[in-house]
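Hi,

Here is the structure I said I would pass on.

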Amino acid sequence: FDELFQKLAKCRLLVIDDLGTKKSSDYAVDIVREIISERIERRLPTVVTSNKKLHEIAELIDDRLADRLATFRPITSFDIKGNDTSFRSDQAKLLI
C-alpha cells in the first residue's frame, strides 16, 4: 500500500475522474484526502473531474476533502453543459 500511495502522491500528473459519483468509505476518503494533501505540499498538478460542485462534494463525501481541493492554486473550474446521456449507454443501445 505504501508504494502505491507514494506513486500517486509523487507522479508528475494525477487525474482523479468522477469524484463524487458514488459514496465512498471513510477509509477511501481519508486516503484520497492524504494523497491530495501530499500533492498540494509538493505543488504537483492534479486534475479532478466531477459532476459535483465543491459544496456538493463537502455535503456528499467529506467537507475536509472539499477544503483540500479548494486550496489548489491555481484552481480552474469549467462548467461544461451538455445532454445527460452516456456514451457507453448509447453504444450499448447500438448493440441490441
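Which backbone oxygen does the side chain of Thr 46 reach? The one on Leu 44, at 3.4 Å. Keep in mind throughout that this is a predicted model.

Staying with Thr 46 for a moment: you'll find this residue in strand β2, which covers residues 46–48. Its relative accessibility is 16%, and the cut-off for buried is under 20%, so Thr 46 counts as buried. The side chain also makes a polar contact with the side chain of Arg 39, at 2.6 Å. If you skip the neighbours within four places in sequence, Thr 46 is in contact with Leu 13, Leu 14, Ile 16, Arg 39 and Phe 72.

Now the overall layout. The protein has 5 helices and 2 strands, and from the N terminus on they run α-β-α-β-α-α-α. Of its 96 residues, 24% are buried. Take the contacts between residues at least 6 apart in sequence: 81% of them join residues at least 24 apart.

Does its span agree or disagree with what its residue count should give? It agrees, because 17 residues at 1.5 Å a residue should span 24 Å, and the end C-alpha atoms of α2 are 24 Å apart. Its buried residues are Val 29, Ile 31, Arg 33, Ile 35, Ile 36, Ser 37, Arg 39 and Ile 40. As a set, the buried residues of α2 pack against α1 (2–10), β1 (14–16), β2 and α4 (63–70). Note that Arg 39, the partner of Thr 46 in that polar contact, is on the buried list for α2.

With 7% relative accessibility, Ile 35 counts as buried. Not counting residues up to four places away in sequence, Ile 35 touches Phe 5, Leu 8, Ala 9 and Leu 14. Ala 9 is 26 residues away along the chain, yet the C-alpha atoms of Ile 35 and Ala 9 are separated by 5.2 Å.

A couple of backbone angles are also on my list. Most residues other than glycine have a negative phi. Two residues here go the other way. Asp 18, in the loop between β1 and α2, has a positive phi near 60 degrees. Its relative accessibility is 41%, so Asp 18 counts as partly exposed. Arg 43 is not a glycine either, and its phi is positive at about 60 degrees. This residue comes just after α2, in the loop between α2 and β2. At 77% relative accessibility, Arg 43 counts as exposed.

Cheers

Terms used. Residues numbered from 1 in each chain as written. Predicted model: local features only at pLDDT ≥ 70, side-chain atom pairs only at ≥ 80, totals over all residues. Heavy atoms only, no water. Buried < 20%, exposed > 50% of the residue type's maximum accessible area, 1.4 Å probe, protein only. Contact = heavy atoms within 4.5 Å. Helix = DSSP H or I, 4+ residues; strand = E, 2+ residues; numbered from the N terminus. Polar contact = N/O pair within 3.5 Å; in protein donor to acceptor, adjacent residues only side chain to side chain. Expected span 1.5 Å × (residues − 1).
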